[in-house]
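Please keep the sequence and the coordinates in view while reading.

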Amino acid sequence: MKPDTPALFEYGILTEDSDIRAHVSGANQTIYVFQTKRGVQAIETHQPPIVYGYQPGVEGPTSSGWLVQPHWIEDLRRVRFASWSGWADLAKPLSTSAKGALAVQCVTQAMKLGRFPVWFDAIEDTRDYVQLAGTDMLVFVKKRVQVKCDYTAGDKPLGSGNLYLQKAERNPLKRI
């Protein structure tokens, strides 16, 4: 980077407070869903090199991260979602924020349709009065989901063969 290029701030998979990540790939019309800790494990195990991301019209890198092959991430789920009506909009030349908002809409729709995988804890409730009332299990779900528009991500031939797991970015949370 040139000396006058703004610094990248640590802001990504290693610093976020998420349980689940959803990478929305317009190239494959697929949502790649995995537990955040599994993505971190893939980075630690395979140690891919740091690569830089760029945005049109912006000088210098705007992010850094790792290109991680989907099969490196244990228990990664592919939610093929060709029926989502927003794919054409996601393909348009939009700002990063606009594409991110569309990715959130995609994931929200998949959740509402029961298509989005969630890892959660459950126990059998053995209390007789609960069992007699028709309840066999108690499910505990409070998960934080990080959604990323990773447009070219995912399986070849349509995708790049990788997911981009961000480490740092130039302007996280509009800090500068």
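Contact means heavy atoms within 4.5 Å. On that criterion, residues 24 or more positions apart account for 69% of the contacts in the protein with a separation of 6 or more. The model is a predicted one, in which local features need pLDDT of at least 70 and side-chain atom pairs count only at pLDDT 80 or more, whereas totals for chains, interfaces and linings use all residues. Residues are numbered from 1 along each chain as its sequence is written, and side-chain values use heavy atoms, with hydrogens and water left out.

The protein contains four helices and 10 strands; helices (H or I, at least four residues) and strands (E, at least two) are DSSP runs, numbered from the N terminus. Read from the N terminus, the order of elements is β-β-β-α-β-β-β-α-α-β-α-β-β-β. The C-alpha trace spans about 70 × 35 × 30 Å along its principal axes. Of the 176 residues, 41% count as buried, a label that requires under 20% relative accessible area (1.4 Å probe, protein chains only).

Consider next an open sheet of four strands, whose order is β1-β10-β5-β4 with antiparallel pairing. Its edge strands are β1 (9-10) and β4 (50-53), each of which pairs on one side only. Two strands pair if DSSP finds at least two bridges between them; β4 and β5 (residues 63-68) are joined in the antiparallel sense over four bridges. Within this pair, V51 stands opposite G65 in β5.

Strand β10 (residues 163-169) holds Q166. Is Q166 buried or exposed? Q166 is buried, because its relative accessible area is 9%. Leaving aside neighbours within four places in sequence, Q166 is in contact with Y11, G12, I13, R21, S63, S64, G65 and W66. Its side chain also makes a polar contact with the side chain of E169 at 2.9 Å; such a contact is a pair of N or O atoms within 3.5 Å, one able to donate a hydrogen and the other to accept it, and residues adjacent in sequence count only if both atoms are side-chain atoms.

A103 belongs to helix α3 (residues 96-112). With a relative accessible area of 0%, A103 is therefore buried. Not counting residues up to four places away in sequence, A103 touches V24, V147, K148 and C149.

Terms used: Buried means under 20% relative accessible area, exposed over 50%, partly exposed in between (1.4 Å probe, protein chains only).
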